[in-house]
Amino acid sequence: PALTQDYPGFIANRLGCFWMQVAMLLAVEQGLTVEEADAVMGNRFGIPRTGVFGLADLVGVDLMPSVNASLATTLESDDLFQTVNRPIAPVERMIAAGLTGRKSGGGFYRQAHDPGHGKESIDLESLAYRPMVPVDVPNGEGLFGSSSRLGRYGTAVMARTLAYAGHLVGDAAEDAVSIDEAMRLGYNWRWG
């Protein structure tokens, strides 16, 4: 089993919340759609196909700011999480509009109101729903380090996430193996 120290978020949530925050912030800053971000932050990196926005819908969009606030108040001021912990405007607007994920019938994704029309995704600018657009992304190996728009996004998110994981060794976890195991068990990341 993964050995963890008695630190805020233990291992999986400490790293997972950092990853979610970075992935969402950069998607908004770089103008990606929720489908593009989830296509990159999903199976290509050994992460469940929900990606980051689908995961937020599953756990509840409205819980994210509270979890982040809890981490921010308990982590040291120089922890790398503090550098990315800031409000994400579309998330704040969604919460205010009651678009909190699966529990409310819609968040970043929802079932179309018209039967037979499948899933819709939210436009992060207007918060209007539209039919989902399929995204073609190369496999993870071809994506990481790629100069394509999606490659730059994936590389930036995963490089920061891996750096933070390294920062957790000796802090939240005794070793890197414990971090990998915690992410496999807690977030279902194929490779940790």
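**Entry 1. Helix H3**

I began with H3 and listed its buried residues: Gly 51, Val 52, Phe 53, Gly 54, Leu 55, Ala 56 and Asp 57. The model I am reading is a predicted one. I noted that H3 is mostly covered, with seven of its nine residues buried. I then looked up what these buried residues pack against, and found H1, H2, H4, strand S1 (109-111), H8 and H9. After H3 comes Gly 60, and I recorded a positive phi near 110° for this glycine.

**Entry 2. The nonpolar core**

I turned next to the largest nonpolar core, which holds 58 residues. Within this core, Trp 19, Phe 53, Phe 108 and Tyr 153 touch the most other members. I asked which helices each supply at least two residues of the core. They are helix H1 (12-29), helix H2 (34-40), helix H3 (51-59), helix H4 (63-74), helix H5 (81-84), helix H6 (89-96), helix H8 (149-168) and helix H9 (176-187). The largest share comes from H1, which gives twelve residues. As background I wrote down that nonpolar side chains tend to be buried together in soluble globular proteins.

**Entry 3. The chain as a whole**

I counted nine helices and three strands in the protein chain. Read from the N terminus, the order of elements is α-α-α-α-α-α-β-β-β-α-α-α. I looked up the extent of the C-alpha trace, which spans about 50 × 35 × 30 Å along its principal axes. The radius of gyration is 16 Å, and this agrees with the value near 16 Å for a compact globule of 192 residues.

I recorded that 45% of the 192 residues count as buried. Among contacts with a separation of 6 or more, 66% join residues 24 or more positions apart. The chain exposes about 9600 Å², and carbon and sulfur atoms supply 55% of that area. For charge, I found 15 positive and 22 negative side chains, with the centres of the two sets 7 Å apart.

Is Leu 168 buried or exposed? Leu 168 lies in helix H8, and it counts as buried because its relative accessibility is 0%, under the 20% limit. Apart from neighbours within four places in sequence, Leu 168 is in contact with Arg 14, Leu 15, Ala 173 and Ile 179. I also checked Leu 168 against Ser 66: they are 102 residues apart in sequence, and their C-alpha atoms are 22 Å apart.

His 117 is in the loop between S1 and strand S2 (119-122). His 117 is exposed, since its relative accessible area is 54%, over the 50% limit. Its C-alpha atom is separated by 9.8 Å from that of Met 132, 15 residues away along the chain.

**Entry 4. Positive phi angles**

Leu 127 is not a glycine, yet its phi is positive, at about 65°. Leu 127 is placed in the loop between S2 and strand S3 (129-131), and at 16% relative accessibility it counts as buried. Asn 188, also a residue other than glycine, has a positive phi near 60°. Asn 188 is found in the segment after H9 and is exposed, with a relative accessible area of 54%.

Notes: Residues are numbered from 1 along each chain as its sequence is written. This is a predicted model: local features need pLDDT of at least 70, side-chain atom pairs count only at pLDDT 80 or more; totals for chains, interfaces and linings use all residues. Side-chain values use heavy atoms; hydrogens and water are left out. A nonpolar core is a set of buried Ala, Val, Leu, Ile, Met, Phe, Trp, Tyr and Cys residues joined through side-chain atoms within 4.5 Å. Buried means under 20% relative accessible area, exposed over 50%, partly exposed in between (1.4 Å probe, protein chains only). Helices (H or I, at least four residues) and strands (E, at least two) are DSSP runs, numbered from the N terminus. The radius of gyration is taken over C-alpha atoms; the globule rule is 2.2 Å times the number of residues to the power 0.38. Contact means heavy atoms within 4.5 Å. Accessible areas come from the Shrake-Rupley method with a 1.4 Å probe; for residues, only the protein chains shown count as cover. Lys and Arg count as positive and Asp and Glu as negative; His and the chain ends are not counted. The place of a charge is taken as NZ of Lys, CZ of Arg, CG of Asp or CD of Glu.
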